[in-house]
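Take a look at it, then follow the questions below.

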Amino acid sequence: MLKKRIIPCLDIQNGRTVKGINFVDIRDAGDPIELAKLYADQGADELVFLDITATVENRKTWIELVKRIAREINIPFTVGGGISSVETVRELVQAGADKVSINSAAVSRPELIREISAEFGNQCVVAAVDTNLLDGAWMVYTHGGRNPTALKTLDWVKQLELLGAGEILLTSMNTDGTKRGFDLNITEQVCRTVNIPVIASGGAGSVEDFKQVFTKTQATGGLAASIFHFGEIPVPALKNYLKNEKIDIR
Amino acid sequence: MIALVKYNAGNIASVQNALNRLGAESILTDDPNLIRTADKVIFPGVGEAGTAMNYLKQQRLDEVILSLNKPFLGICLGLQLMCKSSEEGNTSCLGIFDTQVRCFPPQDKVPHMGWNNCINQKGPLFGGIETTDDMYYVHSFYAEPCLQTVATCDYILPFSAALQQDNYYAVQFHPEKSGTVGQQMLQNFLNL
């Protein structure tokens with residue numbers, strides 16, 4: 001049976017994790033490698049590393065970090081943040097990234113998804129979509145949810161699938177940061193619209209929230225950041241809870 | 001020395017990284033002589049079947065692979081290329097395994113992406129591995145079960161998770177990305 005995936009996301013700034021604190025078992029929670037290893041040992045199914053500065057100057061630091069991650073971590077990982085060219089993807093994949101996450105750049109130039117997919121396969125392309133309700137309609141936002149676009153979310157995810165995305169990472173800005181649970185409504189609508197895997201993101205605040213998204217929608221993964229970093233929900237406790245609730249979990 | 005057959009643009013560094021973690025020396029190469037003289041050969045890969053087969057034929061690596069009698073391990077696309085043919089680009093493949101590679105029907109999400117277990121495990125690769133242990137899969141095409149199948153996985157339908165013919169082994173999942181269980185399997189291969 002295919003298991004539901006639990007995916008911690010690490011925000012990286014100048015080679016350091018931004019939010020990590022409160023870990024007793026590691027020496028340096030600001031070191032992405034130490035934190036990533038801890039998550040992998042705890043049973044995280046995949047990891048996402050987001051370069052939140054993503055400037056040209058720190059590109060080299062970023063590539064070096066990706067190489068270190070690839071050497072140390074034995075589970076799949078995605079890297080994202082400011083990727084807008086096939087050239088950058090090539091560097092990241094050669095450094096050892098399994099997948100890349102593309103967000104705003106796909107809205108500016110949708111062909112980018114097709115180009116990456118053609119060269120590296122669709123399993124390499126995670127299309128990240130930030131969505132929010134605008135006058136009752138689910139719309140696509142870019143640049144961390146700041147800029148609205150004229151794209152309807154369901155039309156856009158279908159187009160991303162046709163362009164060659166291997167999965168959709170859907171973040172509901174509506175719920176992101178609220179800790180009141182994933183937005184089940186738009187998550188399930190997106191799951192029904194595409195036939196590629198969908199990862200739900202934004203709003204997880206409790207173990208029950210993961211149960212809801214895995215039982216009420218067809219999402220195959222759940223992504224969260226701060227609840228894991230601050231130790232509010234340790235990965236093993238979350239996975240044990242979901243197993244007891246008869247959800248297929250590794 | 002382990003030779004990793006280089007034949008596409010995919011993330012093959014990950015297999016080499018996994019071997020380094022196990023302390024095994026490896027070289028990424030498309031040089032027939034290095035492949036012939038290596039102790040063991042790993043045939044990794046993600047990518048498209050037609051393009052990959054064309055490249056192997058151009059370099060005459062298809063003949064080299066078929067002539068080997070040392071332990072040989074195909075991973076993911078590597079497994080698929082060791083079958084008779086693939087629906088991906090209607091490709092004629094190496095024919096080590098007497099089975100076809102087909103596209104998953106769209107009854108569930110495709111690609112099959114994530115952690116899944118496999119059953120009916122046979123042979124030395126599965127030493128110390130349980131049928132409840134999960135491995136990481138990511139693929140849109142699958143090999144139909146056949147007499148050489150040594151483990152099956154169920155997603156939409158039962159398919160070959162692993163195959164073996166003499167010295168030729170193959171797995172559909174990515175042991176190099178499958179945590180400690182995957183490491184155990186790579187160690188089992190190194191011990192052959």
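Q: How do the residues that line the second largest pocket divide into nonpolar, polar and charged?
A: They divide into 14 nonpolar, 13 polar and 4 charged. For these classes, Ala, Val, Leu, Ile, Met, Phe, Trp, Tyr, Cys and Pro count as nonpolar, Asp, Glu, Lys and Arg as charged, and the others, Gly among them, as polar.

Before going on: this is a predicted model, where local features need pLDDT of at least 70 and side-chain atom pairs count only at pLDDT 80 or more, while totals for chains, interfaces and linings use all residues. Residues are numbered from 1 along each chain as its sequence is written, chains are lettered from A and ligands numbered from 1 in the order in which they are written, and side-chain values use heavy atoms, with hydrogens and water left out.

Q: What makes something a pocket or a cavity?
A: On a 1 Å grid over the protein atoms alone, a cavity is a set of points where a 1.4 Å probe fits but cannot get out, and a pocket is an open set with protein on both sides within 12 Å along at least five of seven lines; a lining residue has an atom within 4 Å of a point.

Q: What is the volume of the second largest pocket, and which residues are closest to its centre?
A: The volume is about 570 Å³, taken as the space filled by probe spheres set on the grid points, which are joined across faces, edges and corners. Of the 31 lining residues, A:Gly121, A:Gln123, B:Gly47, B:Glu48 and B:Glu88 are the closest to the centre.

Q: Which element gives the most to the lining of the second largest pocket?
A: That's helix 5 of chain A, with 4 residues. At least two residues each come from helix 5 (111-120) of chain A and from helix 3 (49-58), helix 5 (77-81) and strand 9 (134-139) of chain B. Helices (H or I, at least four residues) and strands (E, at least two) are DSSP runs, numbered from the N terminus.

Q: What about the largest pocket: what is its volume, and what lines it?
A: It has a volume of about 910 Å³. There are 38 lining residues, and A:Asp11, A:Leu50, A:Asp130, A:Gly144 and A:Thr171 lie nearest the centre. Strand 3 of chain A provides the largest share of that lining, 3 residues. By class, the lining has 16 nonpolar, 16 polar and 6 charged residues.

Q: How many cavities of 30 Å³ or more are found in the whole structure?
A: The search finds 4. The second largest cavity has a volume of about 40 Å³, and its lining residues include A:Ile7, A:Glu46 and A:Lys99. That lining has 5 nonpolar, 1 polar and 3 charged residues.

Q: Why are helix 6 of chain A and helix 7 of chain A called oblique to each other?
A: Helix 6 (residues 153-163) and helix 7 (residues 184-193) of chain A pack at about 40°, with their axes 9 Å apart. Axes are lines fitted to C-alpha atoms, for helices over the stretch in contact, and angles run from 0 to 180 degrees between N-to-C directions. Under 35 degrees counts as roughly parallel, over 145 as roughly antiparallel, 65 to 115 as roughly perpendicular and the rest as oblique. The pair is therefore oblique.

Q: Why do helix 1 of chain A and helix 2 of chain A count as roughly parallel?
A: Helix 1 (residues 32-42) and helix 2 (residues 59-72) of chain A pack at about 30°, with their axes 10 Å apart. At that angle they are therefore roughly parallel to each other. In helix 1 of chain A, A:Pro32, A:Ile33 and A:Lys37 meet A:Leu65, A:Arg68, A:Ile69 and A:Glu72 in helix 2 of chain A, contact meaning heavy atoms within 4.5 Å.

Q: What makes helix 8 of chain A oblique to helix 10 of chain A?
A: The axes of helix 8 (residues 207-216) and helix 10 of chain A come within 10 Å and cross at roughly 50°. That angle makes the two helices oblique.

Q: Which peptide bond is cis, with omega near 5°?
A: The one from B:Val110 to B:Pro111. B:Pro111 sits in the loop between strand 7 (100-103) and strand 8 (112-117) of chain B.
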